[in-house]
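This report describes selected helix contacts and salt bridges. Please consult the sequence and the model displayed below while reading.

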Amino acid sequence: MATSIQARIGLELHARLKTVTKAFSPAVVSFAHFPNSLATSFDAAHPGTYPVLNHAAVRAALSTGIALNMNIADRLQFDRKHYFYYDLPLGYQITQERYPICTDGYIDIAIPTTLELASRQNQTDLRHSVTKRIRIARLQLEHDSAKSIHTANDATLVDLNRAGIGLLEIVTKPDFYNAVEAVAFVRELLSILKVLHVCDGSLSEGSLRVDANINIIDTQRNIKTPRVEVKNINGLRFLAKAIDHEIARHQENLLKGKALHSETRLFDPRTSTTVHMRMKEDNVEYRYMPDPDLPPVHISRSLIESCQQNIPFLPTQQASNVMTEYNLSMEQAKLLISIPGALKLFSDTMELLNDVRFSLNTATLIVTDILAHSKKVDSVPLNETIAPSTLADLIKVVEGNLISRRASKEILQRILEGDNRLVEDIVADLDLKQQSDVDVLQELASTLVAQHPKQRKKYLNGQLGVLGFFVGKMMAQTGGKANPQKAKHCVEEALKIYA
């Protein structure tokens, strides 16, 4: 993109609350029940029924606002947003258009300094990053609509189980310049909501839905394109693709002098493009009005302080503590925090090992092999997949050079699949003990160097990469059991004789 052209992106996020009951009725929140089995008369909009505000939903909104450094309103007031659709029995949504419960906040996010590095799908390496502050304009409490189910014969069915579930709408300022920044913000927000137990944060299941508002500005010509909204994006990868596509579409039309329109679009994951939904000029007039059935409620200072006291360490604070205590990178610390049960398994194992030098290997096994196994089975918390004592024993034999890291993965896989034997017994049974006897390795290295004069000559002529050839031969001769570091040292010693 030309340097004079800059994108401006703002996000609107809808987080589904993890409350036991709905926002304005006593119906239970669950997605495992028969359709329309979890709806009260109010959820179905029966005449003469009234909303009852869920106190837990208010506390969730306040806790989130505090965590996002927002100003808290002194009163709670709701509006009706009127529009017609099949999945909205009331004919209006209860929301907070005029008096949101929280305003003017921010969170700081880490942006990788190399955008190409960060653009990879699962890239979370923050060791080379800068901090950027993202302003949050408002946070408001509202409720979700019912679920529309479109059948093959063009019928539309409505499931009221979702109707009335509490939502937090979080609206940012247009502070993002590219998809990398937007994804970093959503990832950080997700981690905060999960730590607060406000939302489970599953984009694929609709627990968090993202709308992106995008336009671009040509600063040299003082021209900007109309704002386009891409609605209901349900994945970080899809969010990045939607933003990248819209930026490219706006830039192409701007450079060609083609007219763009303020419109609402949808992201098509099959083509990684956005498609037209409706023009902004076609939007209905919502006729906002104060909800007469929900009179304003004073938000007491004691309630705010109670919420403040119950906020745990937030992800960035936790990550900083883990980095300091265990000498890990920000990337590794955030991964441990974000995966259910990973941090507990890691800290319990490190307590048994009592040596910070083992922290990197321990963290790596947890967030790779153990996590991969957990995803294949029942996705249970990682601290329930393996005992810390067993993992500690495995780390000890690896760090003690008794087995190779490759062999450790084989042993770990057996343990995760149900092998309850001691680590040392599995090592003995599979004959995985690493060959670390220097005398044996030195004799083998000398023989191999003598048997391969061409490779020996190349090494002595400065082709140091040939060293890997000899080490590979040693690994093959020992069935992969040679200690790689000691094998390399022995080969170098054998080559010195011919220098």
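A residue is called buried under 20% relative accessible area, exposed over 50%, and partly exposed in between, with a 1.4 Å probe and protein chains only. The model is predicted, so local features need pLDDT of at least 70 and side-chain atom pairs count only at pLDDT 80 or more, while totals for chains, interfaces and linings use all residues. Residues are numbered from 1 along each chain as its sequence is written, and side-chain values use heavy atoms, with hydrogens and water left out.

**Salt bridges**

A salt bridge is a side-chain nitrogen of Lys or Arg within 4 Å of a carboxyl oxygen of Asp or Glu; by this rule the count comes to 26. Three of them are listed here.

| Pair | Closest N to O |
|---|---|
| D293 and R80 | 2.9 Å |
| K488 and E492 | 3.3 Å |

Helices (H or I, at least four residues) and strands (E, at least two) are DSSP runs, numbered from the N terminus. D293 is partly exposed, at 26% relative accessible area, whereas R80 is buried, at 12%.

D211 belongs to strand β11 (residues 208-218) and K231 to strand β13 (residues 228-233), so this pair ties together parts that are 20 residues apart in sequence. D211 is buried, with a relative accessibility of 2%.

K488 and E492 both lie in helix α16, four residues apart, about one turn of the helix. K488 is partly exposed at 40%, and E492 is partly exposed at 24%. Elsewhere, salt bridges that share partners join E246, R249, E263 and R265 into one network.

**Helix α15 and its cover**

In helix α15 (residues 467-477), the buried residues are L467, F470, V471 and M474. They cover an arc of only 100° around the axis, judged by the directions from the helix axis to the C-beta atoms, which puts them on the same side of α15. Their cover, by contact (heavy atoms within 4.5 Å), includes α13 (438-451), α14 (453-460) and α16 (484-496). G479, with a positive phi near 65°, follows α15.

**Helices α8 and α9**

In the contact of helix α8 (residues 342-353) with helix α9 (residues 359-376), A342, L345, F346, T349, M350 and L353 of α8 meet S359, T362, A363, I366 and I370 of α9.

Notes: Axes are lines fitted to C-alpha atoms, for helices over the stretch in contact, and angles run from 0 to 180 degrees between N-to-C directions.
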